[in-house]
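Could you read the points below alongside the coordinates before we discuss the entry further?

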Amino acid sequence: MRRAVISDVHGNLHALKAVLDSVDRYSPDQIVSLGDTVGYGAHPSECIALVRQRCGIVLAGNHDWGVCGRQSLVWFNPYAREAALWTREKLDPTEIQWLDSLPLAHRDGELLFVHASPLEPENWEYIDSLMSAERALESVDARIVFIGHSHCAEIYRVNEQMLVNVGSVGQPRDGDPRARWCLVDDKTMRPELIAVDYDIRGAMEAIHAAGLPEMLAERLEAGW
Ligand code: ZN
């Protein structure tokens, strides 16, 4: 089975459409989304609709929980909190209910999918070093663990196990502003990180027009 894995769409419809166009060129059997469909970007409803339509598996992220009220916003920075409250206002009750219903993890054979970390996924720990990747991999017997959350696309290898951060569709933070996704075939078990150009200007203008913090637009261009 060939899978596309996406994460951290964050309401960026311009980036999501470009990523789905790229995904379609590879005709995978399934698309998995690791969560944070909303928060930060100007098109939360449109992104929810497209993710629901296109992704066979969709997980919960911390911003999804913040927006639907399942988690307090006190841990969010001021920009994230403002965007979460703005997003909550924009969504209808069925969309809020859908965010509230998403699972924290998905296991399929030797593959495990989770938003932040397989170690207590509801604590949204960041994995950003080999040490934290080793600790996370020790806690599971899956051969490949797919995560998002930090918005930095990278792969950690520890013995026979791999931890793959698929990066972010809608708000990359590793210095490369292109949208990311990951292709994996469970025959070869060789995940491939793919970067996609998209209409960053369009996404920035939408954030501006929505009255969201300007910093959320600027960071898209910088990729931070
Ligand atoms: Zn995120």
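Predicted model: local features only at pLDDT ≥ 70, side-chain atom pairs only at ≥ 80, totals over all residues.

1. Residues are numbered from 1 along each chain as its sequence is written, and side-chain values use heavy atoms, with hydrogens and water left out.

2. The zinc ion has as its protein donors Asp8 (OD), His10 (NE2), Asp36 (OD) and His151 (NE2), which lie 2.0 to 2.4 Å from it. Donors here are N, O and S atoms within 2.8 Å of the metal (3.2 Å for Na, K and Ca), and since water is not among the atoms, sites may look incomplete. Along the sequence the donor residues follow the spacing D-x1-H-x25-D-x114-H. Asp36, in the loop between β2 (30–33) and α2 (44–54), and His151, in the loop between β6 and β7, are 115 residues apart and link distant parts of the chain.

3. The arrangement around the zinc ion is irregular because its four donor atoms subtend angles of 85 to 176°. For reference, four donors count as tetrahedral if all angles lie between 85 and 135 degrees; four count as square planar and six as octahedral if opposite donors are over 155 degrees apart and all others between 65 and 115; anything else is irregular.

4. Asp36 counts as buried at 1% relative accessibility, and His151 likewise counts as buried at 2%. The term buried means under 20% relative accessible area, with exposed over 50% and partly exposed in between (1.4 Å probe, protein chains only).

5. Pro44 is placed in helix α2 and is buried, with a relative accessible area of 3%. Leaving aside residues up to four places away in sequence, Pro44 touches Gly11, Val38, Trp86, Thr87, Lys90 and Leu91, where contact means heavy atoms within 4.5 Å. The C-alpha atoms of Pro44 and Leu91 are separated by 7.4 Å, although the two residues are 47 apart along the chain.

6. Five strands form an open sheet in the order β4-β5-β6-β8-β7, with mixed pairing; helices (H or I, at least four residues) and strands (E, at least two) are DSSP runs numbered from the N terminus, and two strands pair if DSSP finds at least two bridges between them. The edge strands, each pairing on one side only, are β4 (105–108) and β7 (154–158).

7. Strands β5 (residues 111–114) and β6 (residues 144–147) run parallel and are joined by three bridges, with Phe113 standing opposite Phe146 in β6.
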